[in-house]
Amino acid sequence: MAGTHLLSPSLSLPKTYNPSLNQNPLSQKLFLPLKFKPTTIKPLGLRAVLSQNAPKTSLEDSENTPFQHCFTKSEDRYLYCETLKVHDIMESVEKRPFYLYSKPQITRNVEAYKDALQGLTSIIGYAIKANNNLKILEHLRHLGCGVVLVSGNELQLALRVGFDPTRCIFNGNGKILEDLVLAAQEGVFVNIDSEFDLENIVAAARIARKRVKVLLRINPDVDPQVHPYVAIGNKNSKFGIRNEKLEWFLDEVKAHSNELKLVGAHCHLGSIITKVDIFGDASTIMIKIDYYHSGAILPSPRDIIDTVRELVLSRGLNLIIEPGRSLIANTCCLVNHVTGVKTNGSKNFIVIDGSMAELIRPSLYDAYQHIELVSPAPPNTEVSTFDVVGPVCESADFLGKGRELPTPAKGTGLVVHDAGAYCMSMASTYNLKMRPPEYWVKEDGSVSKIRHGETFEDHVRFFEGL
């Protein structure tokens with residue numbers, strides 16, 4: 001769900017808009033939240049469509065580095081996280097599924113965005129929904145990030161971690177009054193998503209006695225041709241404001257100038273967008289998230305930011321990018337143990353101790369995530385095609401289908417890659433499986449636990465004293 005946020009300084013505003021009016025909040029600099037892989041933008045006057053024959057872009061001619069990953073196979077055929085064998089890490093921690101992160105990779109990802117944003121007034125607003133681990137958030141704050149929020153609890157967590165509220169953006173189509181009051185009190189930017197959302201924000205501003213800095217969340221009617229569950233910029237989506245309603249919202253914001261200050265616009269298209277042609281003749285950028293670990297040539301953050309750099313500089317704008325998946329996904333894998341191998345009919349199965357309860361994306365979105373064994377198979381081990389499945393009582397409980405792997409022995413380590421985003425944050429206790437612990441490899445090569453695994457006693461504790 002770490003999708004693309006696109007903002008246009010040319011909002012195709014109605015004729016009633018006059019930027020010369022001092023009382024009009026749009027005379028201020030715009031904030032442009034832009035989430036993972038932006039493209040050059042045209043005015044929002046027409047329905048945007050996805051090009052079936054995307055033109056070549058400067059990205060195709062730019063110098064790109066091959067895909068790099070903190071999890072690598074060396075000549076000994078063991079899987080490493082930075083300089084440590086994952087097999088050795090498995091021997092030193094709890095014998096259960098766990099998430100393993102690279103702290104240096106998180107730093108490298110943030111630094112790549114910082115480098116790309118040099119010369120621009122900007123905020124890297126990490127999307128907490130991707131991964132809400134407190135230790136990771138502390139590290140991102142230390143690296144200078146702001147955050148993007150979609151719930152009151154995320155806002156409370158951001159404040160507890162110590163994020164600057166004026167570098168926080170509150171999104172969402174169903175924000176409740178209580179949470180909006182806290183956002184108003186703290187000075188958080190708030191996106192207006194609907195008529196009732198605007199009404200609630202005005203009410204929150206009055207309760208808090210604070211003027212709220214707001215952005216209009218535009219629904220541009222874009223079909224990004226991704227899974228419908230993560231395509232959120234089309235006209236039938238529950239998110240955002242349609243172009244034909246903009247005039248009404250602008251008039252309402254002006255009518256509530258004591259409560260609201262309009263500072264920008266916001267747009268979110270969806271997740272894992274691979275090919276976008278926005279607004280007719282706008283530039284197209286190709287994005288390939290290498291979940292297949294096929295060595296694809298990936299655009300760097302600089303390639304991405306360069307598509308809007310001239311626009312931002314020429315208008316003197318402030319740019320807020322909202323990366324989630326691109327900052328955290330490739331920093332982590334889910335580490336599992338093989339319980340056994342079985343065959344039913346024409347299907348071969350590797351059964352592991354991890355499941356859809358710990359990592360639901362393949363079951364929920366039919367997402368592909370690369371799977372491999374952590375140690376080399378013995379010589380002459382048969383390679384077969386397997387479905388990798390868990391023990392949960394659902395046919396939908398799979399981590400990967402049709403994977404060619406050496407037939408593993410019982411207890412062998414098996415990892416699911418690119419698990420840093422929308423995996424642990426969506427984990428559940430279905431079948432009374434307890435959410436797993438989390439560890440990371442630090443800069444000095446040591447391993448630290450960054451979240452305790454849940455236990456049966458934790459579950460029972462919810463019912464004590466009732």
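Two strands count as paired if DSSP finds at least two bridges between them. Helices (H or I, at least four residues) and strands (E, at least two) are DSSP runs, numbered from the N terminus. This is a predicted model, in which local features need pLDDT of at least 70 and side-chain atom pairs count only at pLDDT 80 or more, while totals for chains, interfaces and linings use all residues. Residues are numbered from 1 along each chain as its sequence is written, and side-chain values use heavy atoms, with hydrogens and water left out.

**Stop 1: the whole protein**

Start with a cartoon view, where you can find 12 helices and 24 strands. Of the 466 residues, 55% count as buried, meaning under 20% relative accessible area; exposed is over 50%, and partly exposed lies in between (1.4 Å probe, protein chains only). Switch to a surface: the protein exposes about 20,500 Å², with carbon and sulfur atoms supplying 50% of it. These areas come from the Shrake-Rupley method with a 1.4 Å probe, and for residues only the protein chains shown count as cover. Among contacts (heavy atoms within 4.5 Å) between residues at least 6 apart in sequence, 72% join residues at least 24 apart.

**Stop 2: a three-stranded sheet**

Now select β3, β4 and β5, which form an open sheet of 3 strands in the order β3-β4-β5, with antiparallel pairing. The edge strands are β3 (71-73) and β5 (84-85), each pairing on one side only. Strand β4 (residues 79-81) is joined to β3 by 3 bridges. Which residue in β4 is the bridge partner of Thr72? Highlight Tyr80 to see that partner.

**Stop 3: strand β17 and its partners**

Next, select β17 (residues 332-344), which pairs with β6 (residues 98-102) in the antiparallel sense over 4 bridges. Look for Leu100, whose bridge partner in β17 is Cys333. Strand β22 (residues 413-416) also runs antiparallel to β17, joined by 4 bridges, and there Val416 is the bridge partner of Leu334.

**Stop 4: the cysteines**

How many disulfides does the structure hold? The count is 0, where a disulfide is a pair of cysteine sulfur atoms within 2.5 Å. For Cys332, the nearest cysteine sulfur is that of Cys333, 6.0 Å away. Is Cys332 buried or exposed? Cys332 is buried because its relative accessible area is 0%, whereas Cys393 is exposed, at 65%.

**Stop 5: helix α6**

Select α6 (residues 177-186) and show side chains for its buried residues Asp179, Leu180, Val181, Ala183 and Ala184. The buried residues of α6 pack against α5 (152-161), β9 (168-170), β10 (189-192), α7 (195-208) and β11 (212-219).

**Stop 6: a nonpolar patch**

Finally, return to the surface and color Leu432, Phe456 and Val460, a nonpolar patch with about 260 Å² of accessible area together. Phe456 belongs to helix α12 (residues 456-461) and counts as partly exposed because its relative accessibility is 48%. Patch members have over 30% relative accessible area and no salt bridge; like charges are joined within 9 Å, and nonpolar side chains (Val, Leu, Ile, Met, Phe, Trp, Tyr) within 5 Å. A salt bridge is a side-chain nitrogen of Lys or Arg within 4 Å of a carboxyl oxygen of Asp or Glu.
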